[in-house]
Amino acid sequence: MNARAFTTDVVFGVVPIALVVAIWQALVSFGYAPVTLLPPPGLVFDRLAQQLMTGTFQQEIAATLFRLFAGFAIAVVLGVTIGLAAAASPAVNAVVRPLVRVLAPLPKVALYPALLLLLGFGHESKITLVAADALFPILLSTFYGASMVEQKLIWSAMAAGTPRREILFKVVLPAAMPSILTGCRIGLVISCIVVFLAEMITSTDGLGHLLVTAARTFQAVDMFVPLITISLLGLILNGALEALRAFLLRGFPEVLCNV
Amino acid sequence: MISARAVLARATPVLACLGLLAVWQATSLVLNNDSFPTAIEAIRAIPLILGDKEALINILASLRRMAIGFGVAVAMSIPLGLMMGRSRTVASFFNPLLMVIYPVPKAALMPIIMLWLGVGDIAKTLVIFLGVSLPVIYHSFAGAKAVEEKMLWSGAAMGLSAAQRMTRIVLPAALPEILTGCRTGLVLALITMITSEMIARQSGAGNILFNALDMGQYDTVFAMIIIVGAMGIGLDALFEKMRARLVKWSEPQFDIPVSFS
């Protein structure tokens, strides 16, 4: 892609977002929507900037981020381990496959009440829910990535005298990396969404809790602030993962270009 | 031998279900906790819920909203996704907007939408619609993008108009990918439905779940979880059957849906 096409893309991409904000502003300023229901964008962004400076708001973000990362980290560790194990050993695969088949389409959020009863209303139940939801995309893409590794690569490594155990880490894991990272990306977005929802359903802190409190007191401005914050967080985390991906996949130019 | 193997392959998901229930039963017996009923107690409570007329009406109303939201979302998302896949301009126009919306939990919009539209069916259906749209758009986009140019050129050379090329070449070629998106969307519709009802707490399956939790009817809570889980697995299996019939010629890349809220 040359620089000019890139600039055109950026301009075209900004237009609809600007348009949405403009329509939003127009709806308010021409009086189609009362300010109490739809606060003007300027007010919302002012409030967001003002909130970001306050310590309490930062604490709420920290609580949300802690749960998000804890759940996501558990999901990555479990997903990659189980995925690799299932791809490497037919016996593990025979056990994991039917379990995943049943558990993957299950709406995990329905398990949340059970988690509340078992783990309490604190961090644990929310982290478990995030991990359960982010686990399957990571597990599945690790599994598919690892089972697609070219057999020739493994044979060459064996011929070169690599012990079986090391083949998994030196050949299969790097070769499956692009696929694993794609799974992680889906898992990350899911973690963002799930942590917010769990906080909305029952919580005493976090961004989701802020939204619910604002909704109970009909503070429309404060309802938009956590939503925009979670969207920004998602974009930032996605960007960070993209940078990590570019770093980890330096050896895979063909995969990087496809993004 | 082959048939025995086929039977075994069919039976593994059932075995997995039974295994999970057995693990549940064993854990609850070991923990011996009041708030964690055994699997058998929970299963015994299922007929009680399904026999209760009000609960049944609630669950059916939830399913109706879900079906409408899913249907409208699919009908609108597929054309948009296909156009994004075939035209660079359309793609660069919508892509950033969709990226901004992507990490926003759709069910979290429930309080705001309720403020505008009230707590009726429209608000809940709209939230489901929003939840389903994005994966369907993205998968149709990816499917349409991967269509071979040569087929389009041949179509154009044989005098097909742009609209005809879209419906007769791009749509069938992208169909496997589109259906993968719809499958994700279907699971999502169920998740969004439950979540929005948990947040709005007014009616529906999610509401029954949390009311039971508040009143300490733990066997009802777990029975509802089984019902919702069975809905998810059942709908997914049904869709998979339909998908296999529609696109017999294409092997799915992922035979298990990547579900998320």
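Predicted model: local features only at pLDDT ≥ 70, side-chain atom pairs only at ≥ 80, totals over all residues.

Residues are numbered from 1 along each chain as its sequence is written, while chains are lettered from A and ligands numbered from 1 in the order in which they are written.

Q: Why is Val221(A) called partly exposed?
A: Val221(A) has 18 other C-beta atoms within 10 Å. A residue is buried if 20 or more other C-beta atoms lie within 10 Å of its own, exposed if 12 or fewer, and partly exposed in between, with C-beta atoms placed from the backbone. Val221(A) is therefore partly exposed.

Q: What does Val221(A) touch, not counting residues up to four places away in sequence?
A: Val221(A), which lies in helix 10 (residues 220-248) of chain A, touches Pro39(A), Leu43(A), Val44(A) and Arg47(A). Contact requires C-beta atoms, placed from the backbone, to lie within 7 Å. Helices (H or I, at least four residues) and strands (E, at least two) are DSSP runs, numbered from the N terminus.

Q: What makes helix 8 of chain A oblique to helix 9 of chain A?
A: The two helices pack at an angle of about 45°, with their axes 7 Å apart. Axes are lines fitted to C-alpha atoms, for helices over the stretch in contact, and angles run from 0 to 180 degrees between N-to-C directions. Angles under 35 degrees count as roughly parallel, over 145 as roughly antiparallel, 65 to 115 as roughly perpendicular and the rest as oblique. Helix 8 of chain A is therefore oblique to helix 9 of chain A.

Q: How is the side of chain A that touches chain B made up?
A: The contact takes 49 residues from chain A and 52 residues from chain B. Helix 8 of chain A gives the largest share of chain A's side, 10 residues. That side divides into 42 nonpolar, 4 polar and 3 charged residues. Here Ala, Val, Leu, Ile, Met, Phe, Trp, Tyr, Cys and Pro count as nonpolar, Asp, Glu, Lys and Arg as charged, and the others, Gly among them, as polar.

Q: How many helices and strands has chain B?
A: Chain B has 10 helices and 0 strands. Of its 261 residues, 39% count as buried.

Note on methods
Contact = placed C-beta atoms within 7 Å.
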